[in-house]
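Student: Can you walk me through this one slowly? I'm still getting used to reading structures.

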Amino acid sequence: MELVETDLGATLSTLLGLAWLIPLASFAAILFFGPKMGPHGRNSAWVATGAIGTSLALSLFAFGTWMVNHPPAVAHHGDHGDVHGEDHGEEHGKEHDDSHANNHSAEATNRVAARLVRFAEEQAAEGGHGDREHGDHEHDGHEHSDEGHGDEGHGDEGQHADSVEHGDTGHGEKIAYSGDWYALYRSPSLVLSIGWYIDSLTVLLFVVVTFIATCIHVYATGYMHDELHDVTDHEVTLAAGGHLHRPGRFPRFFQALSLFCFSMLGIVIAGNLAMVFIFWELVGICSWFLIGFYFERKSASTAANKAFIVNRVGDFGMLIGLMALWGALGTLHFGDTVSVDAEGHQVVEPGLFSLVRPAENGHALQVPDGMVVAAAASRVGNIASVVSPEDARAVIAEQVSGWRAMGMGNWLLVVAGLGIFCGCMGKSAQVPLHVWLPDAMEGPTPVSALVHSATMVAAGVYLTGRFYPVLTPDVLVVIAYIGAITLFIAATIALVCTDIKRVLAYSTVSQLGYMMLALGVGGWVAGLFHLVTHAFFKSLLFMCSGSVIHACHTNDMRRMGGLLKKMPYTGWTMLVGCLAIIGAGVPFVIGFSGYYSKDSILAQALLFRQINPSHAILWYAAAGGAALTAFYMFRLWFMTFIGEPRDQEVAAHVHESPSVMTTPLVVLSVMAVAAGWSLGSLGVVNLLEQARPLGTAAGMTGGGLLTAAVTVPAEAASHAEAIHVTATWTAFATAGLGVLLAAAFYVWRVVNPAVIATTLRPVYVFLENKWYFDEIYNWIFVKPAHGIAMLASANDRGIIDSILHLAAWLSRQLAAIDAWIDRFLVDGLINTLANVTWTMGLRLRHVQTGRLRQYVMFIVVGTVAIFLLASMMLSATVAIP
Amino acid sequence: MNLLSDPVGVSHYLVVGAILFTTGVVCMVVKRNALGVLMGIELVLNGANVNFVAFGSPVLRGEQASILGLDGQAMALFVILLAAAEAAVALAITLNFYNNHATVDVDRADDLKG
C-alpha cells in the first residue's frame with residue numbers, strides 16, 4: 001500500500017485522530033448512560049474496553065501504514081557494539097547537508113514519487129531560484145515533512161513552496177507530518193489550534209499507550225468487580241462508628257479511565273505546545289479523579305489533591321516556558337505551518353523546531369531571531385528611534401547575527417527550556433516534585449498501572465523528548481542532574497519500603513530519573529527507548545502487584561511470602577517484569593527489554609563522563625542506581641513469592657486471580673521480554689532513530705549560563721565498542737550484584753536485614769521517612785501557608801468582621817428607633833382613630849332599639865323640634881328688625 | 001280670620017290635611033299592629049296629598065296657581081303611585097314577618113336592633 005505523501009499524512013492523521021477521539025466518545029457515553037448499561041453499569045466496562053481496543057486497532061493500522069511507507073533504516077543495534085554506527089550516523093548527516101547545500105537533483109534518490117524528482121530537476125535546471133508555476137502546489141496540502149523543506153533557505157523571498165516534501169528520503173532524514181484540525185483562537189499574534197504532529201515517535205507511542213491501556217481495561221474489568229454491588233469500605237470509619245457503606249462506582253471508574261486515555265493520546269498527537277498544555281491539564285484532572293477514586297478515605301482524597309497541586313507547581317514553570325516561547329517567537333507549533341495565500345503561493349510559517357534549529361544553520365541549535373531581538377530590546381529601541389521603520393527592520397536584521405554572537409537571547413532559550421522541563425518534572429515526578437507519585441498509590445491498582453507506566457508519568461518524558469531540539473546544553477545538564485538525583489533518591493527509598501505498591505512507585509520514580517538522565521546526557525533514543533520498555537514492564541509489575549493485593553487483601557509485604565505456589569501466573573509473570581526492569585540478559589547476545597534500554601542509557605552516561613570528566617557523578621549515579629534497582633526489585637519478589645508464608649491468616653485464603661486478570665499479565669510479560677528486540681528494521685530503536693529531531697544526531701557544545709562549558713556527545717558515539725562493552729558489563733555486574741545481595745538477605749538468609757537495619761539505624765530511619773521530603777515540604781510550604789492562612793483568617797475575623805459587626809449593630813439600633821416611631825406615632829394615630837370610631841359605634845348602637853313605634857316617635861319629635869327651632873329662629877330674625 | 005265664616009279656600013284644605021296627617025302619625029305611633037301602622041302611613045301620605053292638591057288648584061288659588069301649573073296634581077299622582085308600591089312592599093314584608101313570627105306586632109320586630 002504505497003501512498004502518495006499528501007495522502008499518507010491525511011490517512012495517518014485521520015487514523016490517529018480517530019484513535020484519539022474514540023475514548024472521548026466512550027467517556028461521554030458512560031457519563032450519560034453509564035448507570036443504565038446493564039445491572040450496576042456492568043457493561044460500561046465493555047464500552048470502555050471496546051473503545052480503547054478500537055483505538056489500539058486503529059493505532060496498529062496506522063503503525064502498519066507507517067512501516068509500509070517509511071520502513072525505518074536498520075540502525076546500529078546496541079548489543080552489537082557497532083563501531084560503524086558512529087560514522088554511519090555522522091555520514092548520513094553530512095551527506096544530507098552536502099546534498100542540500102549543493103545539488104538538489106541528489107534528491108532524485110527519493111523513493112517517494114517521480115513528482116518530487118521532477119520538482120528537483122526543474123529546480124536544478126533553473127538554478128534553484130527561478131520563478132516557477134505554482135499550479136501543483138496544492139498537492140502539498142497541509143501535510144508536509146516537517147523540517148526537510150528548510151534546506152533551501154526559506155528566508156529568501158518567494159522561495160518557499162517547492163521544497164516542502166524534500167524530507168521524504170526515509171534514510172536518516174526526519175519524516176513528520178503536521179497540521180491543524182481546528183483553530184480554537186486566531187489572532188495575528190497567536191493561533192491556538194487543535195492539530196497533529198505525527199512522526200514515528202507519535203505512532204509508536206500511540207501503539208504503546210493503547211496497547212497497555214487495553215490490557216489494563218481488561219484487567220480492571222476483573223479487578224474492579226467489587227464495585228458492581230454495594231461496597232463496605234473498611235478503611236473508612238464513620239463518626240457514628242461502623243464502616244462506610246456506599247453504592248458501587250463501576251461505571252465511574254471506566255468513565256475516568258476513558259477520559260484519561262483520551263487526554264494522554266491528546267498529548268501524544270498534539271501539534272503545538274498550547275494543545276499539549278490543554279491535555280496536560282486534562283491528564284492532571286483525570287489523575288485527580290482516579291487517585292481519589294475512594295475519596296471517602298482521607299488518605300485517598302489527600303493524595304489526589306497532593307498529586308494535583310504538586311503538578312500545578314510544575315505547570316506554573318511550564319506556563320513561564322510557554323510565555324517565553326510565545327512572547328519571543330509568536331508561535332507554539334512544533335512543525336511548520338503551510339498555507340496558501342491569495343495569489344496561490346505557499347506560505348511557510350516556521351514552527352518552533354525550524355526556528356531553533358534552522359536549516360540554513362545545518363539544523364544546529366541557535367538562538368532564534370525572535371529571542372535575540374527580544375533580549376536586545378533596548379538596542380532595537382535605539383535603532384527604531386533613529387531611522388524609519390522600514391530601514392530599522394533592515395538594520396535590525398543585519399545586526400541580529402552580531403547580537404546572537406554576543407550571546408543575547410540565550411538566557412531566554414534557557415528559560416523556555418527550563419520552564420517546559422519544569423512541567424515535565426511535575427508530571428514525571430522528578431525530585432523535588434516527586435512526592436505526589438508514591439501517594440498516588442491510594443488509587444485502585446489498575447490506575448497505578450496506567451498512571452505510572454504509559455500515561456501520566458510518560459507524558460513528562462515524552463514532552464522532554466518532543467521538545468528536545470529546543471533544549472540547550474545548559475538545560476540538558478540540569479535535566480541530567482535532576483534525573484540522576486531522582487533515580488538515586490527514589491532507589492534508596494525503595495530499598496526500605498514494605499508496601500508492595502510503594503516499592504513499585506519509587507521504582508517508577510527511579511526509572512523516570514533514568515529516562516531524564518538519558519535525555520540530559522544526549523541519549524534521545526536511549527531515554528525514549530527506556531520509556532517504551534518501561535511502560536510495558538512497569539504496567540506488568542503493577543498489575544502483578546494488584547493481583548497479589550487482590551488475593552491477600554493487604555499491601556504489606558511483611559505479611560506475604562511463599563505465594564509462588566498459590567499464584568503461579570502472577571508470580572512468574574512478575575519475575576519476568578523484575579528481570580526486565582533490572583535489565584537482565586546475556587551480555588551481547590540477548591536480553592529482556594530493559595537490558596537494551598538500560599544499556600544504552602548507561603553507555604550514553606559513560607560517554608558523557610568521558611567527554612566531561614567533571615560530570616562523572618552522573619555515571620556513578622546511573623551505575624549505582626542499577627544495583628539498587630536490582631536489589632529492591634528482587635527484595636520485593638523474594639519477600640512476596642519465595643520462602644514460607646509469614647502470615648498464615650493471609651496465606652490461608654490466597655488464590656490465583658481470575659483469567660480476565662492473568663491474561664493481560666501474560667500478554668504484557670511477552671511484551672516486557674520482547675519490546676527491546678529488533679527484527680531487521682522492525683524495532684523500537686530503529687523507529688525512534690527515524691523520529692530523531694533534526695540536528696540532534698550530532699553532538700553539541702555549549703553551556704556557560706548555568707554550568708561550565710559542557711559537551712553533549714552525539715548518541716551514535718556511545719555505540720563505540722570501548723564505551724558499549726564497558727557499559728554492558730557494568731550493567732550486568734551491578735544488576736547481578738543487586739540480585740545476589742537480595743538473595744543473600746531474603747532467600748539464603750546469610751544476612752539478617754533486621755540486624756543491618758539496627759546497625760545502620762540512622763540511615764534506615766532516614767530512608768524509611770523518605771528523606772524527610774514530606775516533612776520538609778510540610779515545614780517550608782504547608783506550615784507557612786497555614787500560618788498565613790491563620791493570619792488572614794484572624795484579620796478576617798478580628799478586624800474585618802468586627803467592622804461589619806459594628807455596622808450591623810448600628811443598623812439594628814437605627815432600625816429600633818425607626819420601629820418605635822412606626823409603632824407609637826404612625827400606628828398610634830391610626831389606632832386612636834379606629835378606637836374612637838369603634839367606641840362611638842358601640843355607644844350609638846343603643847339608639848337602634850329595633851322598636852318601630854319608637855322610631856316614628858323620634859321622627860315626629862325630631863320633626864316637631866326642627867319645626868319649632870326653625871320657627872323660633874325665623875321669628876327671632878323677624879323680631880330683630 | 002275665621003275658618004268657619006270664610007268661604008272654602010286653601011286653608012280649609014290645609015286643616016283637613018293637617019288633621020289627616022296628625023291622625024296618621026298618631027296611628028303610626030300607637031298602633032302595635034303592623035297593618036295599623038301601614039294604615040297610618042296611608043293617612044300621612046294622603047294628608048300630604050291634600051296639601052299638594054290644594055296648593056296646586058287654580059280654583060282655590062286663582063291667579064297664583066298658574067305659577068305652579070299642574071305640578072301639584074302631578075305630584076299627588078306620584079304620591080299615590082308610590083303609596084301603592086310602598087303598600088305592596090310593606091304588606092309583603094308584613095306577610096313574611098307573620099310567616100316567620102306568627103305575629104304582626106311591630107314591637108316584636110326588633111331583630112335588627114343594634
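Tutor: Helices (H or I, at least four residues) and strands (E, at least two) are DSSP runs, numbered from the N terminus. This is a predicted model, where local features need pLDDT of at least 70, side-chain atom pairs count only at pLDDT 80 or more, and totals for chains, interfaces and linings use all residues. Residues are numbered from 1 along each chain as its sequence is written, while chains are lettered from A and ligands numbered from 1 in the order in which they are written.

Student: Okay, which residue is the bridge partner of A:S339 in β6(A)?

Tutor: Start with the strands: β5 (residues 337-340) and β6 (residues 346-349) of chain A pair in the antiparallel sense over 4 bridges. In β6(A), the residue bridged to A:S339 is A:V347.

Student: And which residue takes a positive phi in the hairpin of β5(A) and β6(A)?

Tutor: Look at the 5 residues between the strands of that hairpin. The one with a positive phi, near 85°, is A:G344.

Student: Is A:G591 buried or exposed?

Tutor: A residue is buried if 20 or more other C-beta atoms lie within 10 Å of its own, exposed if 12 or fewer, and partly exposed in between, with C-beta atoms placed from the backbone. A:G591 lies in strand β8 (residues 590-591) of chain A. It has 25 C-beta neighbours inside 10 Å, so A:G591 counts as buried.

Student: How many residues of α18(A) are buried?

Tutor: Helix α18 (residues 500-520) of chain A has 21 residues and reaches 30 Å from its first C-alpha to its last. That is close to the 30 Å expected at 1.5 Å a residue, where the expected span is 1.5 Å times one less than the number of residues. The helix is mostly covered, and its buried count is 21 of 21.

Student: Which residues touch the most other members of the largest nonpolar core?

Tutor: A nonpolar core is a set of buried Ala, Val, Leu, Ile, Met, Phe, Trp, Tyr and Cys residues joined through C-beta atoms within 7 Å. The largest has 248 residues, and those touching the most other members are A:L517, A:A622 and A:A672.

Student: Which residues does A:A622 touch?

Tutor: Contact here has a cut-off: C-beta atoms, placed from the backbone, lie within 7 Å. Leave out residues up to four places away in sequence, and A:A622 touches A:A484, A:Y514, A:L517, A:I601, A:L602 and A:A605.

Methods
Two residues are in contact if their C-beta atoms, placed from the backbone, lie within 7 Å. Two strands pair if DSSP finds at least two bridges between them.
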